[in-house]
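Here are my notes on the model, point by point. Please keep the sequence and the 3D view open as you read.

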Amino acid sequence: MAEQQRIIISGGKRLEGEIAVQGAKNGALPLFAAAALCGGESVLHNCPKLSDCDSACRILECIGCKCKREKNTVTVDSSVIGSVEVPTHLMREMRSSIIFLGAILTRCKSCRLSFPGGCELGPRPIDFHLAALREMGAEIEEKHGFLDCTAPSGLHGAKITLSFSSVGATENIMLAASLAEGVTEIHNAAREPEITDLASFINKCGGKVSGAGGSTVTIEGVEKLRPCEHKIMPDRIAAATYLCCAAVSGGELILTETDHNDLRPVTAVLEQMGCRIYSYGQSNMFINAKKPLISPGTVRTNVHPGFPTDAQPPLMALTTLAAGTTVFVENIFENRFKHASELARLGARISVEGKVAVVTGVKNLSGAELMATDLRGGAALITAALGAEGVSRISGLSHIDRGYENIEGVLRSVGADIKRM
C-alpha cells in the first residue's frame, strides 16, 4: 500500500533526457463521467494509470457500467446503468467525484451521492454545482451528508452565471445540459484547456457544445449521445512539475506529448528565473536550466489563463533555491501552503500569512524526513528533494499517486537517484 511506502531521493543529480508526459488527470475524470452519458462503449486513449482514475472506474462500475483497461486505453461500456447511488466510500476517494452528479442525473433523472472527499485544501464549495442544476429543474435535498437529486420531468436549459469560474461546476453543467431539453448558456465559464477537451468529447458523441475555452459556453441539448473514441489531452500540471524538477537540478529535459500553449503561464515564470525554454513541433518542449536561478518576484495563482494553483507548490519548491525573495499569492484555495512547513524541514526559508507566502532563497537545502499531505504538495517535496544535498525520505505517497503515473520511474529514467521502498 502507498501509505506504507516511501520515496527515497538522493539529491544533487542533474536531470537529462526525455519524458513523455502522461495524459491529464484533470482531463480524464470528466471524460469518465461523460462516457456514462453515451449508452455504449466509449474508448479513452492516453488515460494515465492513477489512483484517481481507478476511483472513477469504480464509481462507474458501481452504477452498472463496465470498465476495461489495456495499458493506457480504457473502455467504458455504459449500455446499462443499474443504480443511481454512489456509495460514500467511493465519493470520499477524490475531491472531483461530484463530477458524476450532472451525468447520472441527466441520464437517469435521479442520483444519490454523499459529499466528495480528497485532498484537504480548504472548502471547495459545490454550491455552484447544486444551484446550477436547480436552475435546470433539479430537485435536490441535502440531509445527513447525502444529496438526493431528482428531475422527474428531465432537466431543461437555462442561462447560468457563475459567480466564480469554477472548472468543476462548468464541467458538471456541460454534462447535465448535453441531454437536457433546450439550450443552456454558462456565463463566466471556466476557460481551462480541460473544458475544451470535454467539449470536444461531447461533440464527437453527437452533442452540441460551442464556445468552450471562452467565458460563455453554449450547450444545445440533444435526445441521445453515441459512444466515441477519444485521446485524453496531455497533463499540463505533470509537465509543469517535471519542468520544475529539471530546473531545480540545473539540468536539461525534453518533454514530448505535451502542449506548450497550455503551459505558457508556467514557462513565462521559469524564463524569468533564468531557464531557457523552447518549443518545437506540435507537442515537444526543451528546457535548459544551467544558469543560476533568480526569483521571479510575485506569483499570483488564478483561473486560466492565469498561473495555475496546481503548479504553485512545485514552483515554490524551486524558488527556495533561487536568489532573492519570491512572494506567492494564492487566490484559489485557502490551505494551499501546507507544503511550506515540510519544505522548511529541508532548510527552506518560508513565512506564511493567510493567502500569502514569502520565500527567501537559500544556497543549499539538506535532505530530511518529509510527509506529503496533498497531491501537489507531494510534488513540491519531490522537486525540492531533487535539489537538496543528501537523502530525503518522503511518505504519504497515496496523495502523489492520485496525480502522477510512476513518478519515481519517470524521474529515474532521466538521471534522478530515486526509488520507492
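Is Glu 141 buried, exposed or partly exposed? Glu 141 is partly exposed, because its relative accessible area is 48%. Here buried means under 20% relative accessible area, exposed means over 50%, and partly exposed is in between, with a 1.4 Å probe and protein chains only.

This is a predicted model: local features need pLDDT of at least 70, side-chain atom pairs count only at pLDDT 80 or more, and totals for chains, interfaces and linings use all residues. Residues are numbered from 1 along each chain as its sequence is written, and side-chain values use heavy atoms, with hydrogens and water left out.

1. **Salt bridge at Glu 141.** The side chain of Glu 141 meets that of Lys 143 in a salt bridge, at 3.8 Å from N to O. The term covers a side-chain nitrogen of Lys or Arg within 4 Å of a carboxyl oxygen of Asp or Glu. Lys 143 is partly exposed, with a relative accessible area of 40%. The structure holds 19 salt bridges.

2. Asp 310 and Arg 336 form a salt bridge, and their closest N and O atoms are 2.9 Å apart. This pair links distant parts of the chain, 26 residues apart. Asp 310 sits in the loop between β18 (298-300) and α10 (312-319). Arg 336 sits in the loop between β19 (325-329) and α11 (339-345). Helices (H or I, at least four residues) and strands (E, at least two) are DSSP runs, numbered from the N terminus. Both Asp 310 and Arg 336 are buried.

3. **Helix to strand.** Glu 408 and Arg 420 form a salt bridge too, with 3.0 Å between the closest N and O atoms. Glu 408 lies in helix α14 (residues 407-412) and Arg 420 in strand β24 (residues 417-420), so the bridge ties together parts twelve residues apart in sequence. Glu 408 is buried, at 9% relative accessible area. Arg 420 counts as partly exposed, at 25%. Elsewhere, salt bridges that share partners join Arg 6, Glu 369 and Arg 393 into one network.

4. **Helix α12.** Helix α12 is mostly covered, with twelve of its 13 residues buried. Among the buried ones are Leu 375, Arg 376, Leu 381, Ile 382 and Leu 386. At the start of α12, a side-chain oxygen of Asp 374 reaches to within 3.4 Å of the backbone nitrogen of Arg 376.

5. **A four-strand sheet.** In what order do the four strands of the open sheet run? The order is β10-β11-β13-β12, and the pairing is mixed. Strands β10 (159-161) and β12 (208-210) stand at the edges with a single partner strand each, so one side of each has no neighbour in the sheet. The twist averages 15° from one strand to the next. Strands β11 (residues 183-187) and β13 (residues 216-220) pair in the antiparallel sense over five bridges. Two strands pair if DSSP finds at least two bridges between them. Thr 184 has Ile 219 of β13 as its bridge partner.

6. **Aromatic pairs.** How many aromatic pairs does a search of the whole structure find? It finds two. Rings of Phe, Tyr and Trp (its six-membered ring) pair if their centres lie within 6.5 Å; planes under 30 degrees apart count as stacked, over 60 as edge-to-face and the rest as tilted. The rings of Phe 128 and Phe 164 have centres 6.4 Å apart and planes at 25°, so this pair is stacked. Phe 128 is in helix α5 (residues 127-135), and Phe 164 is in the loop between β10 and α6 (167-178), 36 residues apart. Phe 128 is partly exposed at 21%, and Phe 164 is partly exposed at 33%. The rings of Tyr 278 and Phe 286 are stacked as well, because their centres are 6.2 Å apart and their planes are at 15°. Tyr 278 counts as partly exposed at 42%, as does Phe 286 at 21%.

7. **Leu 270.** Leu 270 has its place in helix α9 (residues 264-272). Leu 270 is buried, with a relative accessible area of 0%.

Conventions. A polar contact is a pair of N or O atoms within 3.5 Å; within protein, one must be able to donate a hydrogen and the other to accept it, and residues adjacent in sequence count only if both atoms are side-chain atoms. Axes are lines fitted to C-alpha atoms, for helices over the stretch in contact, and angles run from 0 to 180 degrees between N-to-C directions.
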